[in-house]
Amino acid sequence: MSIAKASSRPRPKRPQVNSSSFDTALGWQPGRTATTLLRAAVCAIILFVFAGPILTIIAGAFDLNPDPTRLTLIPRNPSLENFAVATQRGIWGFFWNSLLIAGFGLLLQIIVAVTAGYALARRKFRGQAIVLGIFLATMMLPEEVVAVPLAVVLGDLPLVGISLRGTIFAVILPVAASAFSILVMAAFMRDIPDEIVEAATIDGASEMRILIEIILPMCKPALGVVAIFGFIGIWDQYLLPIIAANRTSDYMITVALASLRADVQVGTGVLLAGAFLALIPSLIVYLLLQNSLVRGITSGAIKG
Amino acid sequence: QDALEVWSRSGPQAAETYKAVFAAFTEKTGIPVEYLATVEFETQLQARAAARDLPDVLIYDQASMASYANAGMILPVVPEDLAGHDQLSEASWDSVRMADGGYYGVPFSQHAQVTFIRSDWREKLGFDVPQTHDDLSALATAFATQDPDGNGVDGDTYGMAVPGTTDRGFFTWWLSSYMMQRGGSFVTGGEGKYTVTVNTPDSVAAVEWIQNLFCGTPSLVQPGALTNASATPFFAENHAGIYQTGPYAIANFDKAPGKDKYEIIIAPAGPGGKTTLTERTSIYFGATSSKPDQQKALAEFLISPEAQSLGMTAPGQPVVRLPVNTTLNAAEIYGDDRWAVVADQLTDSQLMPSDVDFTTARLDIAETFQSMFSQCTSDIQGQLDGLAGRISDELSQQNALQ
Amino acid sequence: MPALLLFLYFKFIPMFAGIQMSFQKVRPFLGNEWVGWSNYAAVLNDSRFHDAIVHTLILGFGQSIGAVIGGLVLALLLEGASKTLWFVRTAAFLPVVTATAVIGEVWRIIYFPAPNGFLNSAIGSLGLDPVRWLEDPAVALYSVMAVGIWQGAPYNMVIFLAGLAGVDRSLYEASAIDGAKLRHRLWYVTLPALRPAMTIVLVLAAVRSLRVFTDVWVLTGGGPAGATDVWMTRIYSLGFERNQMGIASAASILLLIASIALTALALLITRKRAEK
Amino acid sequence: MARLQLKDVYKSFNQTDVITGIDLDIEHGEFVVFVGPSGCGKSTLLRMIAGLETISSGELWIGDELCNDVHPGDRGIAMVFQSYALYPHMSVYDNIGFNMRVTGTPREVRDSKIKNAARILQMEHLLERKPSQLSGGQRQRVAIGRAIVREPRVFLFDEPLSNLDAALRVDTRMELAKLHRDLGATMIYVTHDQVEAMTLADKIVVLNGGVVQQVGTPIELYQRPANLFVAGFIGSPKMNFISVEVSDVGQGGLKVKSPDISECEVPAATGNVKAGDRLTLGIRPQELKLEPDGPITGNVTVLERLGSETIVNADLADGKAILAVLEGDRPLDIGSSVKFAFDGSKAVLFDGEGSALLP
Amino acid sequence: MARLQLKDVYKSFNQTDVITGIDLDIEHGEFVVFVGPSGCGKSTLLRMIAGLETISSGELWIGDELCNDVHPGDRGIAMVFQSYALYPHMSVYDNIGFNMRVTGTPREVRDSKIKNAARILQMEHLLERKPSQLSGGQRQRVAIGRAIVREPRVFLFDEPLSNLDAALRVDTRMELAKLHRDLGATMIYVTHDQVEAMTLADKIVVLNGGVVQQVGTPIELYQRPANLFVAGFIGSPKMNFISVEVSDVGQGGLKVKSPDISECEVPAATGNVKAGDRLTLGIRPQELKLEPDGPITGNVTVLERLGSETIVNADLADGKAILAVLEGDRPLDIGSSVKFAFDGSKAVLFDGEGSALLP
Ligand SMILES: Nc1ncnc2c1ncn2[C@@H]1O[C@H](COP(=O)(O)OP(=O)(O)OP(=O)(O)O)[C@@H](O)[C@H]1O
Ligand SMILES: Nc1ncnc2c1ncn2[C@@H]1O[C@H](COP(=O)(O)OP(=O)(O)OP(=O)(O)O)[C@@H](O)[C@H]1O
Ligand SMILES: [Mg+2]
Ligand SMILES: [Mg+2]
């Protein structure tokens with residue numbers, strides 16, 4: 001029989017980090033030299049392979065005359081001239097258009113994806129698979145083919161008879177209908193344990209409330225994916241702004257990039273500068289949302 | 001909506017110039033213009049065509065006229081009705097005449113492709129200005145092999161910059177000049193009736209010579225030429241010494257490689273002479289327009305000396321390369337003798353057929369040639385026979401085969 | 001449901017118009033002419049389409065599989081909360097946010113076919129002969145594929161990361177106690193738990209693989225000698241360069257049908273796994 | 001008001017029938033405990049009452065309302081889930097307060113109720129934690145807290161105390177009993193713990209295989225089990241069952257015997273029984289006493305000495321085992337032979353179908 | 001061989017200290033039960049032994065091996081999780097067989113082991129189901145099954161029976177005891193159930209607030225609790241604590257009394273105690289007997305009649321309550337005054353710090 005001393009003894013030493021090897025699928029552990037080294041090497045390779053080429057774009061953007069035959073990480077003739085030219089070509093106006101459209105379009109797209117994804121994932125009705133299939137089918141026809149009929153629709157909404165052409169809605173409304181986002185939301189929402197939704201139902205929360213306060217926080221990673229790719233998807237829209245716009249000044253930055261590319265008077269550097277500007281917002285969106293992708297939040301909710 | 005809707009296929013720089021021109025027009029006539037400059041001209045036009053709501057006036061490449069006219073999208077023009085029509089050359093008006101004898105456009109700008117050469121490299125290696133194709137290939141070979149930029153690295157310079165992409169049949173434009181200079185041709189004829197000549201012995205010999213540029217001395221043509229969207233950077237960034245293209249590149253090349261580092265010359269003569277390709281821009285009237293008078297007024301203004309010179313000089317980028325108005329002298333207006341060379345070359349240049357829809361043929365040609373040159377096949381005759389067959393089919397469908 | 005309305009207007013109506021066009025000779029100004037199945041016949045009899053289909057299949061499958069595996073590997077390697085990983089993940093994501101056209105430029109530089117081109121000097125230092133990456137008809141398709149994988153892998157990585165975030169950590173613990181080695185854990189615990197992510201990625205691959213276009217277009221434009229000509233470049237060339245919208249539509253509808261079949265297959269695969 | 005009735009309720013999952021015809025009448029304010037073996041359908045029944053599972057057939061009435069199709073949130077119920085079902089992204093505080101936030105309870109009221117629930121459940125120091133940072137018992141307490149702040153008409157508890165330690169369990173049990181008294185709400189409670197069932201219940205419902213076996217007060221079930229199943233299920237350790245033969249049918253009782261048991265008399269309904277019938281004799285382990293001339297003879301095989309009582313496992317002659325719970329510490333020798341006596345009036349006889357022959 | 005030692009083990013989550021210095025020595029083949037209030041660190045300790053939580057400081061030895069950094073899979077342990085942690089996408093069959101599939105056990109061996117485990121746990125008919133289609137108790141059984149097919153050196157059970165009904169719990173308990181005997185493996189077991197702890201354990205470890213309070217055999221803990229906490233925690237219902245004053249210090253015993261208790265003698269270590277000191281007298285409810293002239297007087301407030309015993313709640317004069325468990329059915333009147341006697345040798349005295357003054 002042994003009896004513990006009543007008060008606890010002073011702690012010998014206090015560890016700094018407290019993470020276990022069960023946080024990640026590969027079971028990386030902090031502070032283990034062998035695996036840390038391996039991981040560092042892998043990261044270096046990844047950096048080189050994926051970021052290297054892009055860094056040369058950035059370098060090129062700051063280079064007066066980027067070389068068409070080799071890659072440089074450091075501009076040979078560092079200058080901001082390219083940006084000056086791009087500014088002169090009105091790139092900021094297009095940039096702003098893009099931001100506006102991507103901002104509102106994304107908002108709408110997320111709302112649509114969340115509601116439709118919810119309906120598909122958590123309501124049981126006949127022909128669910130077919131509905132999802134039809135949604136997906138819309139992703140399969142080349143944009144170019146539907147562009148012309150879409151332009152007709154935009155010019156004269158059937159039954160309603162309003163022309164959206166030349167308004168911001170002509171771009172925002174079509175991009176809001178994204179089958180991809182719906183697919184993502186539906187797939188992830190389906191994996192939420194029923195018990196939790198049931199608990200909220202019993203707690204008297206309306207469906208809307210459950211969706212917003214329970215389901216969405218638990219699908220944070222999916223929301224992250226939708227927001228990131230939704231933003232990029234809208235940001236990359238090319239045909240739509242062309243057929244939807246009445247004025248050049250309504251174009252998005254993608255169109256501006258294409259015209260820079262076609263413009264024989266400006267060098268590659270200006271194009272790269274434009275491309276560099278164009279990638280910053282998407283990158284920022286990704287940076288902001290990245291954390292929602294890597295934190296596990298569902299554990300501890302239910303047993304079994 | 002009273003304004004006249006005008007579209008052109010241009011980037012933002014050219015659009016500036018157009019805006020200046022239209023501002024002058026509005027000031028003069030009181031007719032407001034709503035102007036749209038787009039790089040995706042065709043797509044946008046198709047979209048509007050589907051909605052049966054075309055712009056009033058289109059300013060676009062001559063090569064597209066036939067297909068628009070065939071589709072009923074543009075209206076015929078009576079030259080005689082236009083004030084100042086007589087200030088345009090016969091050749092200009094011919095270019096906008098369709099096979100049925102009707103006119104479907106108003107000429108606006110013209111130029112011929114010229115040859116750009118890195119004069120500093122040429123002088124460094126001790127060559128004269130090339131006069132013949134032999135000179136040209138000797139110079140190209142020297143550029144490719146003798147380190148003309150003197151950086152001590154061999155193999156980072158190439159002889160010719162070639163825009164080899166098949167996008168829109170781009171390659172065909174470049175090829176046609178050399179074909180003509182070698183005595184070959186794609187088709188011959190005119191007035192809406194053509195004979196396919198791409199597989200005649202002359203043409204085959206011409207093709208063999210061109211193929212040798214790609215498949216002979218390595219690096220004579222810049223590597224990757226056949227998939228490059230644009231060859232311009234190679235000339236601009238000190239990698240290629242010879243570039244045959246339109247004079248719109250002048251402004252760009254003045255910045256890099258630099259005004260004093262290159263020269264513009266009349267094409268070196270091949271066995272078939274020194275003819276190059278003519279490129280033209282024309283004005284078309286949209287079929288759904290309800291403003292015929294304003295359309296006409298704009299066209300009249302655009303061919304007037306005032307608008308033509310404004311199109312060359314207004315801030316931005318010249319949208320009139322060489323004036324179609326014969327009362328004007330480009331070199332004077334630009335204050336730049338190099339434009340005289342372009343004007344000279346224009347007198348020895350030839351338009352691709354534009355009174356029939358040559359688009360499909362152009363694409364076919366580009367694709368076939370690209371295929372021959374990338375594979376360096378020896379069966380040139382066979383390939384060209386096939387091509388000739390396809391072009392014949394296409395032309396006979398349009399009832400344009402002689 | 002507002003979603004349905006949006007889809008109806010901006011997706012379904014244009015889609016049906018597209019289907020309608022596939023039976024017509026499209027001449028917006030002279031009136032479309034009903035031509036029945038002849039557009040389809042034109043597509044199916046075109047030998048260049050046959051080549052393009054083969055290329056599409058090779059490219060589509062190669063690219064999709066490469067990007068799925070690459071994305072999974074990236075996600076597994078880069079999962080975790082540390083700042084360094086955060087940085088590397090961001091860097092790896094760069095290809096996705098960069099305009100494809102510009103990526104085309106960069107890769108053409110990397111693939112520059114001269115012996116002193118970037119990749120050629122790299123393989124040259126390994127003692128290999130230079131390759132004409134995009135010019136050699138035998139190699140071009142695979143060069144394009146590599147770029148597609150390069151760009152697709154980080155894309156899928158994001159989806160997989162989201163999937164990994166939802167894996168119940170206690171299952172890792174249970175499997176560790178069960179003596180599962182890393183490979184068991186990945187195979188039996190992680191992969192099944194990645195099912196939603198996998199569904200998305202596979203469906204996406206199925207939807208997209210047949211319509212690869214931009215990569216090809218900016219890199220080779222279908223050349224050289226049609227070696228990288230795919231379904232979509234054909235459609236593009238027919239519809240937009242040759243103004244034969246009817247035939248292009250017919251080809252698109254065929255593409256649609258094939259994609260639906262493939263998607264159904266992908267969904268079936270993920271279902272199967274779920275049931276297993 | 002909150003009377004609850006189940007009328008001929010069925011439930012099946014795909015092909016499997018889980019609940020096969022249950023009729024039940026629960027008065028307003030009653031404390032009803034469901035017991036039954038694992039997998040017998042207790043949770044399913046509870047979930048049907050809550051509205052989380054559809055009722056395959058039959059009717060559910062709450063008060064005067066047919067509730068088959070009423071939305072769970074509108075039934076005026078609160079439920080503690082067997083699997084907790086906490087909201088993983090919310091703190092304990094928010095988990096408990098979610099319902100009140102939904103119904104728009106003023107902040108101060110909410111706060112005081114949450115604090116009060118936390119105090120009752122001894123987890124005031126945990127309010128800021130997320131569920132993943134709690135121990136099993138703590139999670140369970142959060143789940144209970146979430147229900148009790150609701151003050152609903154009907155409480156549904158699915159094994160709410162299974163992860164709590166004895167002391168806390170007793171405390172929480174007391175709190176639930178108090179809550180029941182104070183609120184006068186109807187409570188339906190699933191448990192495996194006999195003591196819980198016995199002490200809390202006004203009425204115990206014994207389920208087996210989706211069918212109600214018996215409904216009654218605890219003491220009724222203990223003393224007058226309706227059948228073998230209930231007799232075996234209620235009471236711990238389990239009732240001993242000994243196969244016996246009727247030797248004589250008397251007035252309001254039977255004389256029975258077996259190889260191990262010398263003849264003894266047990267009060268019973270004598271209805272259709274005749275001498276020579278084979279019956280089952282049920283004796284609770286607590287009713288067996290050591291007595292040198294008792295009728296039952298066995299051999300001690302296992303001895304568990306718990307201090308206040310001693311549990312004896314003894315083998316009978318036919319190999320069957322019998323269990324006795326003896327008061328105090330009884331240091332018997334393993335292997336030694338013992339004799340037990342029992343009070344016939346506390347033993348029960350069962351017929352061939354397992355039904356009790358209650359007098 | 002599979003001796004298990006903890007040496008001065010600490011664990012903290014971020015800022016919170018959960019385990020604060022535990023030394024423990026578990027012999028090979030011992031059956032050790034951890035008990036303690038909810039949240040005291042039982043699961044955490046178990047998880048550290050399993051290797052699922054890093055050990056903040058201190059050493060863990062299994063056999064002759066320092067195991068702080070050994071991979072969980074290489075420690076030769078099996079564990080039943082409190083939260084089950086079943087693989088949701090695998091059938092019950094595959095869940096149980098996962099370890100064997102991983103280690104490449106031949107299919108037939110695997111199959112027969114799985115079937116055997118399923119038989120023991122009475123879930124042969126569930127083998128094809130997914131965890132989501134199981135009831136709570138069934139899930140728990142799958143988790144147990146997963147552990148027992150492993151035949152490891154050390155078993156870790158975290159409340160493995162909490163969701164099972166009484167009968168199944170007894171059965172499974174027996175099976176675990178049998179397994180322990182047959183395999184001779186070391187078993188560490190967390191439970192809230194006194195009976196489980198008492199019947200299964202070779203050795204019980206009482207934890208509170210991350211510190212070991214006492215280690216000993218069940219009977220030791222019951223009869224000679226080291227301090228107030230253990231005394232109160234072990235035994236059900238809880239031991240009665242009555243504040244008393246020392247009236248006389250005798251040889252090996254103390255005379256104590258209080259307003260409610262006439263003077264009586266209790267054997268105790270008399271060490272530093274002197275007359276007039278205030279101590280706490282602990283008497284188990286089972287030790288109290290009704291006796292007309294017993295020293296303790298109280299007023300009956302609550303009566304629970306369980307059939308075989310009767311639980312009496314009585315208020316003492318100073319308002320404190322006292323609990324007595326009486327044999328048999330005792331129909332007392334609520335509100336009536338009763339007197340209890342107790343055997344002094346079975347009562348325990350505690351000093352001001354709560355340590356027992358064991359004789
Ligand atoms: N990830 C965590 N972060 C912070 N605190 C934690 C975490 N996990 C557990 N704890 C705390 O550590 C203490 C011990 O937890 P543990 O799970 O070991 O308790 P337990 O003794 O098993 O309790 P129970 O009987 O309720 O399961 C608890 O107070 C718990 O709140
Ligand atoms: N979704 C389902 N599909 C098929 N069978 C199910 C499903 N859910 C439960 N069951 C089965 O229904 C039966 C009743 O389950 P229920 O959860 O009601 O049992 P329980 O009485 O609560 O058991 P426990 O005490 O173990 O929690 C069980 O046999 C279970 O396997
Ligand atoms: Mg249950
Ligand atoms: Mg625990």
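Select ligand 1 and the residues around it: by class, this shell has four nonpolar, 12 polar and three charged residues. Here Ala, Val, Leu, Ile, Met, Phe, Trp, Tyr, Cys and Pro count as nonpolar, Asp, Glu, Lys and Arg as charged, and the others, Gly among them, as polar. The model is predicted, so local features need pLDDT of at least 70 and side-chain atom pairs count only at pLDDT 80 or more, while totals for chains, interfaces and linings use all residues. Residues are numbered from 1 along each chain as its sequence is written, chains are lettered from A and ligands numbered from 1 in the order in which they are written, and side-chain values use heavy atoms, with hydrogens and water left out.

**Stop 1: ligand 1**

The shell holds 19 residues, each with a heavy atom within 4 Å of the ligand. Colour by chain: the residues around ligand 1 come from chains D and E, so the site is shared between chains. The closest are Arg129(D), Ser135(D), Gly137(D), Ser43(E) and Thr44(E). Helix H4 (136-148) of chain D and helix H1 (42-50) of chain E each supply at least two shell residues; helices (H or I, at least four residues) are DSSP runs, numbered from the N terminus.

Next, show polar contacts to the ligand, meaning pairs of N or O atoms within 3.5 Å; within protein, one atom must be able to donate a hydrogen and the other to accept it, and residues adjacent in sequence count only if both atoms are side-chain atoms.

- Gly137(D): a backbone N or O atom lies 2.6 Å from an oxygen atom of ligand 1.
- Ser38(E): an N or O atom of the side chain is 2.7 Å from an oxygen atom of ligand 1.
- Gly41(E): a polar backbone atom is 2.9 Å from an oxygen atom of ligand 1.

Taken alone, ligand 1 exposes 640 Å², and the protein buries 89% of that (Shrake-Rupley method with a 1.4 Å probe; for residues, only the protein chains shown count as cover).

**Stop 2: ligand 2**

Move to ligand 2. Residues from chains D and E surround ligand 2, so this site too is shared between chains. Of its 19 residues, Ser43(D), Thr44(D), Arg129(E), Ser135(E) and Gly137(E) come nearest. An N or O atom in the side chain of Arg129(E) is 2.4 Å from an oxygen atom of ligand 2, and a polar side-chain atom of Ser135(E) lies 2.6 Å from an oxygen atom of the ligand. The protein covers 88% of the 640 Å² of accessible area that ligand 2 has on its own.

**Stop 3: chains A and C**

The contact (heavy atoms within 4.5 Å) takes 88 residues from chain A and 91 residues from chain C. The two chains bury about 8100 Å² between them, 77% of it on carbon and sulfur atoms; buried area is the accessible area (1.4 Å probe) that two parts lose on being put together, summed over both. Select Phe22(A), Phe50(A) and Met140(A), which supply 9% of the area that chain A buries against chain C, more than any other three residues.

**Stop 4: chains B and C**

Select Glu367(B) and Arg234(C): they form a salt bridge, with the closest N and O atoms 3.9 Å apart.

How values were computed. Salt bridge = Lys/Arg side-chain N within 4 Å of Asp/Glu carboxyl O.
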